[in-house]
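Dear colleague,

Please find below the structure for your review. My findings follow after it.

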Amino acid sequence: KELPKCNGDYLNHCSGSIIHKNGEKYIGEIKNYKYHGKGTYLFSNGNIYIGDFKNGQQYGYGKFTFSNGDEYIGNFKNGLFDGKGEATFDNGYMYI
């Protein structure tokens, strides 16, 4: 089931985008004025996170791509890498 568009009302669970003054952008599900559900966060330094959010933080499963090409795919908790995951570095090294 597709969520309704937020249209400026970020209280109820909805789908929308937020552009911050520093140029960072979030596109995805929002609830109670926080990122909540599936979404994409584009950082001003070129990093990208695609995955699950809970109460405004990366939480659950996601993919974090650093601007230099390094990647982490796995679990997140409270905005940090947590538990099982796989890191692939630009030079080809992998850490599981």
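Does Phe53 count as buried or exposed, and at what relative accessibility? At 6% relative accessibility, Phe53 counts as buried, where buried means under 20% relative accessible area, exposed over 50%, and partly exposed in between (1.4 Å probe, protein chains only).

Please note that this is a predicted model, in which local features need pLDDT of at least 70 and side-chain atom pairs count only at pLDDT 80 or more, while totals for chains, interfaces and linings use all residues. Residues are numbered from 1 along each chain as its sequence is written, and side-chain values use heavy atoms, with hydrogens and water left out.

Aromatic rings

A pair of aromatic rings is described by the distance of the centres and the angle of the planes. Rings of Phe, Tyr and Trp (its six-membered ring) are paired here if their centres lie within 6.5 Å; planes under 30 degrees apart count as stacked, over 60 as edge-to-face and the rest as tilted. The count comes to 14 aromatic pairs. In one of them, the ring centres of Tyr35 and Phe53 lie 5.7 Å apart with planes at 75 degrees, so this pair is edge-to-face. Tyr35 belongs to strand E3 (residues 34-42) and Phe53 to strand E4 (residues 48-54), so that the pair links distant parts of the chain, 18 residues apart; strands (E, at least two residues) are DSSP runs, numbered from the N terminus. The pair of Tyr49 and Phe53 is also edge-to-face, because the centres are 5.1 Å apart and the planes stand at 90 degrees. Tyr49 is buried, with a relative accessible area of 0%.

Separately, the charged end of Lys54 sits over the ring of Tyr59, 4.7 Å from its centre (the criterion is NZ of Lys or CZ of Arg within 6 Å of the ring centre and within 35 degrees of the ring normal).

Disulfide and core

The structure holds 1 disulfide, a pair of cysteine sulfur atoms within 2.5 Å. This bond joins Cys6 to Cys14, with an S to S distance of 2.0 Å, and the link is right-handed, with 90 degrees about the S-S bond. Cys6 is buried at a relative accessible area of 6%, and Cys14 is buried at 3%.

Both cysteines belong to the largest nonpolar core, which has 12 residues in all, including Tyr35, Tyr49 and Phe53. A nonpolar core is a set of buried Ala, Val, Leu, Ile, Met, Phe, Trp, Tyr and Cys residues joined through side-chain atoms within 4.5 Å.

Yours sincerely

Key: Helix = DSSP H or I, 4+ residues; strand = E, 2+ residues; numbered from the N terminus.
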